[in-house]
Amino acid sequence: MGRKVAVIMMGIVGVLASLVCPALAKAVVVAHKAVPVDSVSAADLRDIALGNKKQWKNGDLITFVTLSSGPVHEEFLKIYAAKSPVQFSSYWKRELFSGKGKPPRHFESEAALVRFVAETAGALGYVADGTDTGAVKVLSVGQ
Amino acid sequence: MRIQQIPHVSLKGKLIMKRLSARLFNILALTVCAAHVVTAADFKHVDIHGFLSQGFLWSDRHNYPIAGTKRGTTQFNEAGINFTSEPTDKLHLGLQLFTRTFGSTSETHIGLDWAVADYRWKDWGGLRAGRIKRPKGLYNESRDVDQLRPMILLPSSVYNEQFRSDDLSIDGFSVYGTLLTQRLGSFEYQAMTGSHRLSTSDGVLASVESAAIVTSVSGVQEPVYIGSLIWNTPLRGLRVGGTAGQQTIDLKGNAGPAGAFLFGAPVGTAVKSGGRVGIYTASIEYAQEKFTLFSEFLRQAYQFPIGNYAIPDAMGWYIGASVRPIDRVEFGSYYSEYYPNENDTAGNTQIAQGNPKYNGWGKDTALFGKFDINPSWSFKVELHHLNGTALLSYDRSFNPNPPQHSILFASKLSYSF
């Protein structure tokens with residue numbers, strides 16, 4: 001009984017996973033101009049997004065912020081956190097309701113996010129390619 | 001016949017809903033009052049969040065997981081509210097109040113779920129003090145909040161609802177952190193110690209009392225030592241973890257009719273029992289945007305005799321998968337096996353105790369579906385096929401001569417903010 005159930009489950013997962021092919025938008029990682037790095041790795045971004053990395057290498061607090069929704073938000077979470085927006089929200093609710101953390105602040109627009117990052121020491125977020133990023137530092141992303 | 005029983009429950013359900021409504025109203029009133037107090041005091045950096053859920057359970061043959069399930073019951077809900085603040089970059093303060101109805105074995109008051117002062121001085125090191133949620137497998141720390149998982153009932157082989165309150169938290173200290181690496185992923189660790197006063201309304205105390213082994217029972221887990229390690233592997237979405245816990249338990253009370261033989265003492269005599277219980281889990285989860293695979297294993301090792309009865313070591317495991325074809329819909333299945341005596345998975349020793357063989361296992365095949373109505377509301381439905389009676393309450397007045405197989409239906413509506 002158990003083996004049959006397992007085989008059926010794996011089959012369902014495989015078929016549905018193969019149907020998934022979302023369109024991607026381009027996300028640019030931005031940070032406060034005084035952060036002590038010019039690039040971050042994909043692993044760093046995952047750890048920052050999930051609250052495991054909270055400090056820059058000089059010990060300053062990383063204030064991670066997100067967009068509220070949209071294709072750039074979806075792309076960033078998919079690539080770096082391996083989560084959908086709903087999964088990401090659930091992850092942070094889990095941290096919140098078990099007393100282990102507080103969800104990142106989120107913004108409705110790229111302009112509002114850039115303004116916050118420009119004004120907040122240690123802040124890091126992401127915006128769509130083409131957004132005015134003159135007030136912040138654009139970080140390259142390595143592997 | 002079964003359908004005829006449901007109207008009978010509906011009448012009782014109205015009374016239950018009245019009581020439930022009063023309790024939920026208390027929580028909501030508390031929320032509103034708290035919000036006003038916070039505003040009045042101008043504590044701009046205190047965040048308030050909460051959740052509540054209401055469920056329904058129905059079974060064709062077993063009163064499982066709670067009494068009244070065979071008739072259909074709505075005595076299945078929880079609500080909580082938390083307050084958090086970060087006075088400095090490294091200090092996090094918070095507490096959560098919680099109440100729950102889970103049949104007759106439930107917390108009947110609003111209690112302190114957790115309350116922590118959390119100082120994290122580095123990514124790799126932090127300290128928590130207070131009432132801290134207890135890690136056990138991957139999902140124990142968040143099991144209060146129904147909305148955070150796709151299924152209603154977590155697999156009972158690892159997350160046994162009968163002993164839920166025994167495993168939830170400890171009062172003590174925890175050292176924790178995340179070791180970050182570029183090539184090997186990250187390692188989340190926790191080490192904690194403390195104590196836990198056992199609830200008499202559910203868990204092990206309610207079990208020995210309802211089985212008439214010990215009456216007027218009280219007990220404490222002290223000391224408790226727990227270690228947890230989760231490896232977020234370089235393969236994106238794959239995490240592997242393990243927890244190990246060791247706790248010393250002291251029980252005292254009066255020998256009940258069933259305990260008189262075990263303790264070799266007349267009914268009503270003051271008796272004590274103590275020992276150690278080790279709880280070990282191994283977990284694996286592979287989560288991608290559209291699907292999740294998960295599996296866990298549990299072993300409970302007892303050095304905890306009750307009178308002249310040595311509790312056997314128990315084990316359980318499960319495997320499951322869920323898919324999310326669109327963002328608001330998730331469905332899946334799991335299969336779970338639990339054995340109260342790991343050396344007797346065929347149930348042979350049950351015969352000598354006057355039980356059917358199938359009392360030696362609890363196997364559960366579940367199908368579940370979750371629908372996120374919006375980011376705050378969700379609705380879930382679930383169907384279980386249960387084989388074996390090892391997971392039923394020790395109080396057999398709920399289930400006299402239970403049959404081997406049963407079907408369980410569950411649904412739940414949840415809200416969080």
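Chain A and chain B bury about 4,300 Å² between them, with 56% of it on carbon and sulfur atoms; buried area is the accessible area (1.4 Å probe) that two parts lose on being put together, summed over both. This is a predicted model, where local features need pLDDT of at least 70 and side-chain atom pairs count only at pLDDT 80 or more, while totals for chains, interfaces and linings use all residues. Residues are numbered from 1 along each chain as its sequence is written, chains are lettered from A in the order in which they are written, and side-chain values use heavy atoms, leaving out hydrogens and water.

Let's look at who meets whom. Contact means heavy atoms within 4.5 Å.

| Chain | Residues in the contact |
|---|---|
| chain A | 39 residues |
| chain B | 58 residues |

Three salt bridges link chain A and chain B (a side-chain nitrogen of Lys or Arg within 4 Å of a carboxyl oxygen of Asp or Glu). In one salt bridge, Lys102(A) meets Asp47(B) at 3.2 Å, N to O. By class, the side of chain A that touches chain B has 17 nonpolar, eleven polar and eleven charged residues. Here Ala, Val, Leu, Ile, Met, Phe, Trp, Tyr, Cys and Pro count as nonpolar, Asp, Glu, Lys and Arg as charged, and the others, Gly among them, as polar.

Now for Val214(B). Not counting residues up to four places away in sequence, Val214(B) touches Val208(B), Glu209(B), Lys252(B), Gly253(B), Asn254(B), Gly256(B), Phe263(B) and Val271(B).
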